[in-house]
Every structure is written in C-alpha cells, then in structure tokens.
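Subject: Structure handover

Hello,

Please find the structure below, followed by notes on what was found in it. The notes can be read alongside the coordinates.

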Amino acid sequence: MTYQSKLKDQFVDGLFEAILTLKTPEECYRFFEDIATIAEIKALAQRLEVAKMLEKDLTYTAIAEETGASTATISRVKRALNYGADGYKLVLKRLPEKEAK
C-alpha cells in the first residue's frame, strides 16, 4: 500500500527532490541555513532527538532536561511516533545502520 501524504503538492515534491540531491552534512548545512531560520532547524533537530529518547523509554522529565523541549513538544513527538506516518520510525531504524557502515 502506497503512503498518501496530506502535504503532497508540487512545491513539497520539489523541496523533497532538492533535499534528496544533498550528499554531505556540509551540503545540508549550506542548504538548510539558506532555506530555513536557525530556530526552525533547531526545532526540527530537537524533535528528532526527542524521538530518539522516547524510543529509549526515557521519561518526559529526563527528555525535557536534556533537550530543553517542552512537554507539549515531547507529547507531539510521542503522538507522531505512535499514530503518525512512521517517518520517525523509518529514520530511527536507519540511523544505526548508517552509523555501522
């Protein structure tokens, strides 16, 4: 079964195609610094870290202390992990595989 995103449109397709052309962390830094604010990038990075910590069953308190994320953000990430499009799960599964190479 193919996933049907609520976000899908030609502009988002173009953005994702552009992201998929990036080959190194340096290229990612350069692109994302141009396309997003520092606060937006930091918020996305924080959410990914929260997801990693939730997968390790850390408490909201420990996650908030470590990341500075609000309990609302932690809850939002937890809801996405449990009921979302499985994007976090896909990335969290692949990260250790990538690090092992």
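T73 counts as buried, because its relative accessibility is 11% and buried means under 20% relative accessible area, with exposed being over 50% and partly exposed in between (1.4 Å probe, protein chains only). T73 lies in helix α5; helices (H or I, at least four residues) and strands (E, at least two) are DSSP runs, numbered from the N terminus. Leaving aside neighbours within four places in sequence, T73 is in contact with Q46 and R47, where contact means heavy atoms within 4.5 Å.

On provenance: this is a predicted model, in which local features need pLDDT of at least 70 and side-chain atom pairs count only at pLDDT 80 or more, while totals for chains, interfaces and linings use all residues. Residues are numbered from 1 along each chain as its sequence is written, and side-chain values use heavy atoms, with hydrogens and water left out.

Overall figures

The chain has six helices and zero strands, so the order of elements from the N terminus on is α-α-α-α-α-α. Its C-alpha trace spans about 40 × 35 × 30 Å along the principal axes. The chain has 101 residues, of which 14% count as buried. Taking contacts between residues at least 6 apart in sequence, 36% join residues at least 24 apart.

Helix α3 against α5

Two packed helices are described by the angle between their axes and the distance between the axes. Helix α3 (residues 38-55) packs on helix α5 (residues 71-83) at an angle of about 65°, and the axes are 9 Å apart. That makes α3 roughly perpendicular to α5. The axes are lines fitted to C-alpha atoms, for helices over the stretch in contact, and angles run from 0 to 180 degrees between N-to-C directions. Angles of 65 to 115 degrees count as roughly perpendicular, those under 35 as roughly parallel, those over 145 as roughly antiparallel and the rest as oblique.

The crossing of α3 past α5 is right-handed; a crossing is right-handed if the near helix is turned clockwise from the far one by less than a right angle, and left-handed if anticlockwise. On the α3 side the contact is made by Q46, R47, V50, A51, L54 and E55, and on the α5 side by T73, I74, R76, V77, K78 and L81. By class, this contact of α3 with α5 has six nonpolar, two polar and four charged residues. Here Ala, Val, Leu, Ile, Met, Phe, Trp, Tyr, Cys and Pro count as nonpolar, Asp, Glu, Lys and Arg as charged, and the others, Gly among them, as polar.

Helix α3 against α4

The axes of α3 and α4 cross at roughly 145° and come within 10 Å. This crossing is also right-handed. From α3, the contact is made by Q46, E49, V50, M53 and L54; from α4, by Y60, A62, I63, E66 and T67. The classes in the contact of α3 with α4 are six nonpolar, two polar and two charged residues.

T67 lies in helix α4 (residues 60-67). Not counting residues up to four places away in sequence, T67 touches Q46, E49, V50 and M53. The side chain of T67 also reaches the backbone oxygen of I63 at 2.7 Å. A polar contact is a pair of N or O atoms within 3.5 Å; within protein, one must be able to donate a hydrogen and the other to accept it, and residues adjacent in sequence count only if both atoms are side-chain atoms.

E65 lies in helix α4 and counts as exposed, at 67% relative accessibility. E65 and F31 are 34 residues apart in sequence and, C-alpha to C-alpha, 30 Å apart in space.

Helix α2

F32 lies in helix α2 (residues 25-35) and counts as partly exposed at 25% relative accessibility. Its contacts, leaving aside neighbours within four places in sequence, are I19, L22 and I41. F32 and I19 are 13 residues apart along the chain, and their C-alpha atoms are separated by 9.1 Å.

Positive phi in loops

Most residues other than glycine have a negative phi. D57, in the loop between α3 and α4, has a positive phi near 65° and is exposed, with a relative accessible area of 69%. D86, in the loop between α5 and α6 (87-100), has a positive phi of about 70° and is partly exposed, with a relative accessible area of 42%.

Regards
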